[in-house]
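Please look over the sequence and the model before reading on.

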Amino acid sequence: MTLQNKVAKQVCDQVSDQVRTQVRGQVPNQVMNQVRDQVWNKVLRQVWDQVLNQVENQVINQLRNDLRK
């Protein structure tokens, strides 16, 4: 193997290692980000629904009380 071939092989190996590492790093990150976003959205939606329900119930109760008076 000539020196040129050795250098070319080393460069190829390094590049493929870097690409492999990047891909391995990116895929779990994307998955983690998606999962985190989904969980966060669910939690936010639940909290928001609860708050809205409480406010709604308070308003309805207040209106009922006002009508009774």
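## Basis of the model

This is a predicted model, in which local features need pLDDT of at least 70 and side-chain atom pairs count only at pLDDT 80 or more, while totals for chains, interfaces and linings use all residues. Residues are numbered from 1 along each chain as its sequence is written, and side-chain values use heavy atoms, with hydrogens and water left out.

## Overall form

The protein chain contains 1 helix and 0 strands; helices (H or I, at least four residues) and strands (E, at least two) are DSSP runs, numbered from the N terminus. The radius of gyration of the protein chain, 29 Å, is well over the 11 Å that the globule rule gives for 69 residues, so the chain is more spread out than a compact globule. That radius is taken over C-alpha atoms, and the globule rule is 2.2 Å times the number of residues to the power 0.38.

Along the principal axes, the C-alpha atoms of the protein chain fill a box of roughly 100 × 10 × 5 Å. Gly25 and Glu56 illustrate the spacing: they are 31 residues apart in sequence and 46 Å apart in space, C-alpha to C-alpha.

## Surface and charges

Of the 69 residues of the protein chain, 0% count as buried. Buried means under 20% relative accessible area, exposed over 50%, and partly exposed in between (1.4 Å probe, protein chains only). Gly25, which lies in helix H1 (residues 3-68), is partly exposed at 31% relative accessibility.

The protein chain carries 10 positive and 6 negative side chains, and the centres of the two sets lie 5 Å apart. Lys and Arg count as positive and Asp and Glu as negative, whereas His and the chain ends are not counted. Each charge is placed at NZ of Lys, CZ of Arg, CG of Asp or CD of Glu.

## Salt bridges

The structure holds 2 salt bridges, each defined as a side-chain nitrogen of Lys or Arg within 4 Å of a carboxyl oxygen of Asp or Glu. Lys9 and Asp13 form a salt bridge at 3.0 Å, N to O. These two residues are 4 residues apart in helix H1, and therefore separated by about one helical turn. Lys9 is partly exposed at 43%, as is Asp13 at 35%.

Asp17 and Arg20 also meet in a salt bridge, at 3.1 Å, N to O. Being 3 residues apart in helix H1, Asp17 and Arg20 are separated by about one helical turn. Asp17 is partly exposed at 41% relative accessibility, and Arg20 is partly exposed at 46%.
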